[in-house]
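Let's look at a protein together and see how some of its pieces sit against each other.

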Amino acid sequence: HPSHLVGHGIFPPVERAFQIARQMLPTLQRIGTVWNPSEVNSRAFVIRAREVAKEMNLTLLEANADNAPAVSEALRSLYVRGAQALFIGGDNTVIAAIGSVIASCRRRGLPGVTILGGTPDRGTLFGVGPDFQRVGYLGGLLAADVLGGADMTRIPIRDVQDQVPPFLSVNKNVLKELKDPWRIPDEILGTADVVVRGDGVRGGG
């Protein structure tokens, strides 16, 4: 890397998201996703999702949207093809329309599952993603090293996934709206960092 640049990154746990979805609905066969092909980050998430879906014998249904208004049409194409859930990756086009995306899913009785953890009360069934507070803490330590005079040319740019456990949030309120028999197993609730319960109370698992 350039001598003036240093940092770290983390790739969201796509595989874990698919595993949790299968645990919540063992008969799950088809997961839909909307993404913008012009976003390099989104392409990376979808490529990983394709790999995981193949490994788990799942069908990943894809629909493209170049802008926020096109997301609704893309969603409709997924419904027609029999998607049982919507996988929401880190696609900026979809995130810009996240409110209408989740509302559309709820009208169809489908859950939204995401690799953006931490905000389950927005209407997704669950989110499992990086704990960005922990990522930021590690970034602070790195900044302290640099400010302390560390040689940046000797500091590698690396993935900190092994130092940051996934942050899991689940929303039990969504279950009553779903057409398939989704359930949240006790082992998932027990590992959740945040749970939105039927009475609207947020808390740990």
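Here are some questions and answers about a pair of helices and a few strands.

This is a predicted model, where local features need pLDDT of at least 70, side-chain atom pairs count only at pLDDT 80 or more, and totals for chains, interfaces and linings use all residues. Residues are numbered from 1 along each chain as its sequence is written, and side-chain values use heavy atoms, with hydrogens and water left out.

Q: Are H3 and H5 roughly parallel or roughly antiparallel to each other?
A: Take H3 (residues 71-80) and H5 (residues 98-108): they pack at about 25 degrees, with axes 11 Å apart. Angles under 35 degrees count as roughly parallel and over 145 as roughly antiparallel. H3 and H5 are therefore roughly parallel.

Q: Which residues of H5 make the contact with H3?
A: Contact means heavy atoms within 4.5 Å. From H3 come Val 71, Leu 75, Arg 76 and Tyr 79. On the H5 side, you'll find Val 101, Ser 104, Cys 105 and Arg 108.

Q: Which residues point the other way from Phe 126 and Val 128 in strand E6?
A: In a regular strand, side chains alternate between the two faces of the sheet. E6 covers residues 126-129, and all are buried (under 20% relative accessible area, with a 1.4 Å probe and protein chains only). Opposite to Phe 126 and Val 128 point Gly 127 and Gly 129.

Q: What is the bridge partner of Gly 129 in E8?
A: Strand E8 (residues 167-171) runs antiparallel to E6, and 4 bridges join them. Two strands pair if DSSP finds at least two bridges between them. In E8, Gly 129 is partnered by Phe 167.

Conventions
Axes fitted to C-alpha atoms, helices over the stretch in contact; angles between N-to-C directions. Helix = DSSP H or I, 4+ residues; strand = E, 2+ residues; numbered from the N terminus. Parallel < 35°, antiparallel > 145°, perpendicular 65-115°, else oblique. Buried < 20%, exposed > 50% of the residue type's maximum accessible area, 1.4 Å probe, protein only.
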